[in-house]
Amino acid sequence: MKKQLTMGILAHVDAGKTTLSEAMLYLSGAIRKLGRVDKKDAYLDTDAQERARGITIFSKQARFSWKDLGITLLDTPGHVDFSAEMERTLQVLDYAVLVVSGADGVQGHTETLWKLLKRNHIPTFLCVNKMDQPGTDKEALLANIRKRLDSSAIDFSDVGCAEGNLVYSGDADSETFFEELAMCDERLMETYLETMELEADQIRYAIRERKVFPCYFGSALKLTGVEAFLNGME
């Protein structure tokens, strides 16, 4: 039996939240056609007002599976005028995905959403979208997130799991990655200093306890980075 979880997607308006939802549903096989907000055929924007204005007004629900994980996805309004609709969904979430625009970085409403997630103690993944746009800088965006949201946001784009341990396969120095991760929590630091490795179960615990916030980078519109995020979530 697959593990089931309820995941909510939140963002400042126009960060690409609904596009990311669409990409996940498409890659998982839940929908056959990849819709677009600007073409007014996004699967989750079913209301006439939403399609006309190109924004999410009402929270929507969809279900899909990824490997051994069954996910109930809640796409929430990003516009501040519909915050009450978004806040109602927080009560049922196991995890949240906070989408940040790679073109704009952390915005005012992004910080408000972060405070709400913290207040409700909801484990959170970060997805930096629109990385295909000119001028986006991954390192600068991660620094922006750490400064304005939390210093424990860690780039997980190149992280996998083998034999129960975390494996880093990126271009950067793996030692730097593990040191940054270990500094997020005392338990992680103790294990790393003893073994120079970190177990996946420890990371799951740290994410659940909001000690670590995995961060992924990509472009939902071009389906880049979405599969890596889904694998990380699973």
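Analyst: What follows starts with the helix pair, then moves on to a loop serine and a few other spots.

Quick housekeeping: this is a predicted model, in which local features need pLDDT of at least 70 and side-chain atom pairs count only at pLDDT 80 or more, while totals for chains, interfaces and linings use all residues. Residues are numbered from 1 along each chain as its sequence is written, and side-chain values use heavy atoms, with hydrogens and water left out.

The pair is helix 1 (residues 17-27) and helix 9 (residues 226-233), whose axes come within 10 Å and cross at roughly 75°. Helices here are DSSP runs (H or I, at least four residues), as are strands (E, at least two), numbered from the N terminus. Axes are lines fitted to C-alpha atoms, for helices over the stretch in contact, with angles from 0 to 180 degrees between N-to-C directions.

Who does the touching? Helix 1 brings Leu 20, Ala 23, Met 24 and Leu 27, and helix 9 answers with Val 226, Glu 227, Phe 229 and Leu 230. Contact means heavy atoms within 4.5 Å. Sorted by class, that's seven nonpolar, no polar and one charged residues. Nonpolar is Ala, Val, Leu, Ile, Met, Phe, Trp, Tyr, Cys and Pro; charged is Asp, Glu, Lys and Arg; the others, Gly among them, are polar.

Helix 1 is mostly covered, with eight of its 11 residues buried. Buried means under 20% relative accessible area, exposed over 50%, partly exposed in between (1.4 Å probe, protein chains only). Leu 20, Ala 23 and Met 24 are among the buried residues of helix 1, and so are Lys 17 and Glu 22. After helix 1 comes Gly 29, with a positive phi near 85°.

Over in helix 9, the buried residues are Val 226, Phe 229, Leu 230 and Met 233. Looking down the axis of helix 9, they fall within an arc of 95°, so they line one face. The arc is that of the directions from the helix axis to the C-beta atoms. In an α-helix there are 3.6 residues a turn, so residues three or four places apart point the same way.

Next, a loop serine. Ser 157 sits between strand 6 (153-155) and strand 7, and Ser 157 counts as buried at 18% relative accessible area. Leaving aside residues up to four places away in sequence, Ser 157 touches Lys 138, Cys 215, Tyr 216, Phe 217 and Ala 228. The side chain of Ser 157 also makes a polar contact with the side chain of Asp 155, at 2.7 Å. Such a contact is a pair of N or O atoms within 3.5 Å; within protein, one must be able to donate a hydrogen and the other to accept it, and residues adjacent in sequence count only if both atoms are side-chain atoms.

Most residues other than glycine have a negative phi. Lys 130, not a glycine, has a positive phi of about 65°; Lys 130 is partly exposed at 22%. Glu 163 is another non-glycine with a positive phi, about 55°, and Glu 163 is exposed at 84%.
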